[in-house]
Amino acid sequence: MCGIAGLCRLDGKPLPAGAALAVKAMTDVMAHRGPDGEGQWQEGPVCLGHRRLSIIDIAGGTQPMPGPHGKSWIVFNGEIYNFRELRKLLESRGLIFRNNSDTEVILAAYAAWGVDCLERLEGMFAFALWDCEKRRLFCARDHFGKKPFYYSLQNGIFAFASELTGLEQLETACKFADWSFSVSPQALMRYLAYEYVPAPQAIYSEAKVLEPAHYLLLENGSLQTRRYWDLPAPASSCRESERELCGQLHALLDRAVQARMVSDVPLGVFLSGGIDSTIVAGLMAAHSSQPVRTFSIGFTEASYDESRYARIAAEAYHTDHHERILSAAECADELPGIVRRMDTPMADASCAPTWLLSGLARENVTVALGGDGADELWAGYEHYIGFRIALWYNALPAFLRSLAGRLATLLPESAGYINPRLAARTFLAGAAAPDWLRVQTMLTAISPEMQRQILAPGWPGPGGVPGPEQLFAPTRKQFEHWQPMQAASPLARAFHVYCRQFLLDDILVKVDRCSMLHSLEVRAPFLDRHVAEFAARLPLDYKLRGFRRKYLLKKAFAKLLPAAILKRNKRGFQIPVAAWLRGRLKPLLLEFGSRDFLEKQGIFDYQGVRKIMAAHFSEKADMRKPLWTFLVLQLWLESRRGRLRP
């Protein structure tokens, strides 16, 4: 795993000699992504930079790397899991290799097939390849966006980097062109709603995200992006028997795990004790001659602790298990520092345990496998059930729905893992939303209505806070992706929203940043392209049968999973945010929510914010999501002072 960056002039004229220093500044700030080596290469209008975390071919994989006969150069972040098979195929076509790295295989594949090489690459990747003959820059990102790629086009110069922090360096390090990066008011409002900024938008007005399964071509003075792969829609029926499907799924996932065990450095697995990570650990154990190294984080608060299930799995597979049990105080103390180190604001509270788990794993290994993607593809979240119940709920007479709303207000409040009243309120809001907005309504932190209450009058200018149609336009785009609309049911489209939005911009960003800040590579077998296509094509009933989530996945691996884990309910990787905001984090929240601070900043209305804080502190309402989202933004903005402009 690595960090990449670069510059390219659109007009084809040579970059100044100082370009390499600017690119070095971009990669230096991302040294955590690649502490084992660095390099820059400059020729004509392009300059490429790289930071290396050595995983495959430790001695021979130095980058930037030239292609056959020096006709191309590449900087690459990620892993190509089928590089050995591709190498054999390319060698049969006469190509000669100088080292044993997967990076050289990408160069050779491009030499053989051009941009169509993407159809053959299996893995996680983000790369930029300069074609010296065609004078074009070819950039691409993997099928699900496991590896990041940001870019900006200013003053006729294209810049890219693995993190926004890399692009930020151009403001001071690039002496031959003026660069600026300022927070976008529209992106900020979307962050408040989503808890992240949905792609292809970035938090900065001047930057964009290359979407997953897309490539970018910079050629003849123009920039174009194109999709090269798509997640298929589910079939209406299946000819194979359940037994046959279970066999196919077992074989596909087993192959995906084996492919991700290829490494020249020590590797292990994140083991939460849930279905997904336990399957990965079990399959790894079956193919390892040594005990698999497993890692888990636990909490002293029983409502949030899963460590006993991780121990059950570790004992079942005889792993070399590493566990760290934390108190809420220890975890809370880490949060401000974690948020400030993120290159983009994201309010997923599980970034704290993910950060701590990554640190624990990095003490022992350089690569870890995880269960990311299974919840989105196999209906692991409660919201899938909520969506299905909402369809039935909306068919009830109006008086019964009104009664349900009144009864929900009588449910108890709780600062624990499950808050009954908050759960009921979230469901009712989602049920009332149109189909395309239902999933996001259940996930939304600060609704447009609440934003109008807490944002300062007149901010962000003419028009104020947009309505749901505009604010949540990225969600509608994903929901209506398959055309015609009859091509998939509303619930099937909810799966697509989860996979192409929540997974991309929340889960994968969280895992990438938290792990790479520790120089740890994390691999996701469930996001193997063939495994994902298999899951996506299945009729919905094989993923969500009645109220049974992950139906076929559990059936396929019933013999592998310990009984206690197979039968348990899903638990998210969460922390006691509601209690912290009333306790250990309250002083920090009060500081950023003070009248003096907010009036000087000019974004939020003091009275509006104070009203929400008072409701939470008094325990009259659970405002953990909006207050946590607000606090994370303030911590992040504090670390980027001066970037919020009118």
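The protein exposes about 24400 Å², of which carbon and sulfur atoms supply 52%. Accessible areas come from the Shrake-Rupley method with a 1.4 Å probe, and for residues only the protein chains shown count as cover. The model is a predicted one: local features need pLDDT of at least 70, side-chain atom pairs count only at pLDDT 80 or more, and totals for chains, interfaces and linings use all residues. Residues are numbered from 1 along each chain as its sequence is written, and side-chain values use heavy atoms, with hydrogens and water left out.

**Overall form**

The secondary structure comes to 28 helices and 19 strands. The radius of gyration of the protein is 24 Å, close to the 26 Å that the globule rule gives for 646 residues, so the protein is as compact as a globular protein of that length. This radius is taken over C-alpha atoms, and the globule rule is 2.2 Å times the number of residues to the power 0.38. The C-alpha trace spans about 75 × 60 × 50 Å along its principal axes.

Helices (H or I, at least four residues) and strands (E, at least two) are DSSP runs, numbered from the N terminus. Of the 646 residues, 61% are buried. Buried means under 20% relative accessible area, exposed over 50%, and partly exposed in between (1.4 Å probe, protein chains only). Among contacts with a separation of 6 or more, 73% are between residues 24 or more positions apart; contact means heavy atoms within 4.5 Å.

**The six-stranded sheet**

An open sheet of six strands has the order β4-β5-β6-β7-β11-β12, with antiparallel pairing. β4 and β12 (222-227) stand at the edges, each with a single partner strand, so one side of each is left without a neighbour in the sheet. Two strands pair if DSSP finds at least two bridges between them.

| Strand pair | Bridges | Bridge partners or facing residues |
|---|---|---|
| β5 and β6 (residues 123-131) | nine | G78 and F125 |
| β11 (residues 214-219) and β12 | six | E219 and S222 |

Strand β5 (residues 72-80) is mostly covered, with nine of its nine residues buried. β4 and β5 form a hairpin with five residues between them, and H69 in the turn has a positive phi of about 60 degrees.

**Individual sites**

F83 lies in helix α2 (residues 83-92). At 6% relative accessibility, F83 counts as buried. From C-alpha to C-alpha, F83 and E104 are 9.1 Å apart in space, while 21 residues separate them in sequence.

D528 is found in the loop between β17 (521-523) and α21 (529-537). D528 also counts as buried, at 10% relative accessibility. Leaving aside its neighbours within four places in sequence, D528 is in contact with A256 and R260.

L396, F399, L400, L403 and L407 make a nonpolar surface patch of about 450 Å². Patches are made of residues with over 30% relative accessible area and no salt bridge; like charges are joined within 9 Å, and nonpolar side chains (Val, Leu, Ile, Met, Phe, Trp, Tyr) within 5 Å. A salt bridge is a side-chain nitrogen of Lys or Arg within 4 Å of a carboxyl oxygen of Asp or Glu. L407 has its place in helix α14 (residues 398-408). At 47% relative accessibility, L407 counts as partly exposed.
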